[in-house]
Amino acid sequence: SMYRFRGYWWAPDGQRLLAARVDNSPVQRWWIADPADPERPPRAVRYPAAGTANADVTLHVLRLDGSRTEVTWDRGAYEYMAAAEWDSQGPLLSVQSRDQRTVMVLAADAVTGQTTPLHTERDDAWVELAPGTPARTSAGDLVTVSDRDGSRRLVVGGAAVTPDGLHIDWVSGTDGEAVYFTATDERDPTERHLWRYEPGQGLSRCSADPGVHDGEAAGGTVVVLSRTEGGGAVTVGWRDGTRAAIASLEAEPLLKPRITWLTLGARKLRAALLLPSWYQPGTRLPVLLSPYGGPAMQRVVRARGAAFCEDQWFAEQGFAVLVTDGRGTPGRGPEWSKAAFGDTLSAPLDDQVDALDAISAQFPGLDRGRVGIRGWSYGGALAAIAVIRRPDVFHAAVSGAAPHDQRLYDTHWRERFLGLPQQNPEGYDRSSTITGAASLTRPLLLIHGMADDNVVVAHTLRMSAALLAAGRPHQVLPLSGTTHMPTDTDSQLLRHELAFLAGSLGVARPDADLR
């Protein structure tokens, strides 16, 4: 949830190590069993569900002689150690309050462990943690990201250096006084580019083609990793201006996405429409919405990925597949992403409906009498709430690995949007699909991996129990031995989803050679 992927950081001289110590003993213990193998004992996991105790995280300087010094800060007020680094000026870290509305950047003394505040960031909803920050340039200028005047800006030495409408995603790092970062321009949030900022030279973009670009830089050498509609590519640029490509051996998909990029409705929703390769104008097609729609990621980006290949596969079966990024998704600035604060489902659902309304006006061949929706994880919750709240729009849904009960999800991610369940029970009820289970009138397929330790299977079991208690017919597909993201069963799972959607919507299957 914090995008902190490591727990140790070497000093530049290689003689000391900054290390996080994570004590999980305060965290409640949950048990994950495999009902398909009753001889195997349940597996214990520590899971900090919303409103419960977190792990106790401390930070230490470790030396080669075995001695250590604890880095100190007010851990009562700032219980999250969000990021750390050790550069030429010494250890650097950021800590975050439990309500996530305050983040403080601290410089640490590697000898005494004492810390000095360098910067404090506050927000009425939550302070967005930008991966790669905090950082410092060679001269010691602090690099942070701040939501200011409607844009998520790069801040170097206390000054915002990026313009209106350019929203920072990651800070890749510093190279001397230059700062490399990725960002989206709200004029076209379907692209993400690698940028460079250096005092006296200003901003320059390091990537060119439409797509999603990341990169790293050191010693004047820049490596750009690109994902476009044509696939992946890696290029290297040197200080003297020469460039070279690193060959990609990535396999080409057998079924390539055929995407029409769209901007829909009053909120200029970015969407992708995928039609069958055999489609002829005038053909009536049922519609399948395939969103993620939540805060963790954008789906509508100009990069070929597995999800768009799946969407095209469904299109070949006779659907018009619509993918839309609504409010709550990243890439369009603080106000857009924080529209999910306090209510994680209502605005995203409204945007899916608005996108469907808008595209129906542009493509009259879409059959509004046969509309399905499928999604996984947050997208699964969005699919379930769609058929519950808007049966006038959606006629069938596939909900995979969905967090149906918000109280069962983890502290840092869930409390970011809803606060503590003890203080905001109404918000948790409003954002849980179980609350509306008794209103279901449309076909709903629930799918969940029995070994899921991220969104535990209890979410779907509780949802099914609520539906059954209310007398609402539905289907449940348990995936034995599967965690949050299925792998081995992918192809058969897609066929099962297709059979459910085709049967529920009355979709005639195309000829076998087209499948």
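Me: The charged end of which residue sits over the ring of Tyr8?
Reply: This is a predicted model. A charge sits over a ring if CZ of Arg is within 6 Å of the ring centre and within 35 degrees of the ring normal. Here the distance to the centre of the Tyr8 ring is 4.6 Å. The residue is Arg6.

Me: Which residue lies over the face of Trp126?
Reply: Trp126 is in the loop between β10 and β11. The distance to its ring centre is 5.6 Å. The residue over the face is Lys338.

Me: Is the aromatic pair of Trp126 and Phe417 stacked or edge-to-face?
Reply: A pair of aromatic rings is described by the distance of the centres and the angle of the planes. For Trp126 and Phe417 the centres are 5.0 Å apart, with 80° between the planes. Planes over 60 degrees apart count as edge-to-face. The pair of Trp126 and Phe417 is edge-to-face.

Me: How many residues apart are Trp126 and Phe417?
Reply: Both are buried. Phe417 is in helix α5 (residues 411–418), while Trp126 is in the loop between β10 and β11. The pair links distant parts of the chain, and the separation is 291 residues.

Me: Why is the pair of Trp261 and Phe308 edge-to-face?
Reply: Trp261 is in strand β23 and Phe308 in helix α1 (residues 306–316). The ring centres of Trp261 and Phe308 are 5.9 Å apart. Edge-to-face needs planes over 60 degrees apart. The pair qualifies because its planes stand at 85°.

Me: Which residues do ring pairs link into a cluster with Trp126?
Reply: The count of aromatic pairs comes to nine. Ring pairs link Trp126 into a cluster with Phe341, Trp413 and Phe417.

Me: Is Arg152 buried or exposed?
Reply: Arg152 is in strand β13 (residues 151–156). Its relative accessible area is 10%. Buried means under 20%, so Arg152 is buried.

Me: With which residue does the side chain of Arg152 make a polar contact of 2.7 Å?
Reply: Arg152 touches several residues, including Glu128, Leu166 and Lys338. The polar contact of 2.7 Å joins its side chain to that of Asp147.

Me: Where is Gln100, a residue with positive phi?
Reply: Phi of Gln100 is near 65°, a positive value in a residue other than glycine. Gln100 counts as buried, at 0% relative accessibility. Its place is in the loop between β8 (90–96) and β9 (102–108).

Me: Is the peptide bond from Thr133 to Pro134 cis or trans?
Reply: Pro134 is found in the loop between β10 (115–122) and β11 (135–136). Omega of the bond from Thr133 to Pro134 is near 0°, and the bond is cis.

Conventions:
Residues are numbered from 1 along each chain as its sequence is written. This is a predicted model: local features need pLDDT of at least 70, side-chain atom pairs count only at pLDDT 80 or more; totals for chains, interfaces and linings use all residues. Side-chain values use heavy atoms; hydrogens and water are left out. Helices (H or I, at least four residues) and strands (E, at least two) are DSSP runs, numbered from the N terminus. Buried means under 20% relative accessible area, exposed over 50%, partly exposed in between (1.4 Å probe, protein chains only). A polar contact is a pair of N or O atoms within 3.5 Å; within protein, one must be able to donate a hydrogen and the other to accept it, and residues adjacent in sequence count only if both atoms are side-chain atoms. Contact means heavy atoms within 4.5 Å. Rings of Phe, Tyr and Trp (its six-membered ring) pair if their centres lie within 6.5 Å; planes under 30 degrees apart count as stacked, over 60 as edge-to-face and the rest as tilted. Lists of a residue's contacts leave out its neighbours within four places in sequence.
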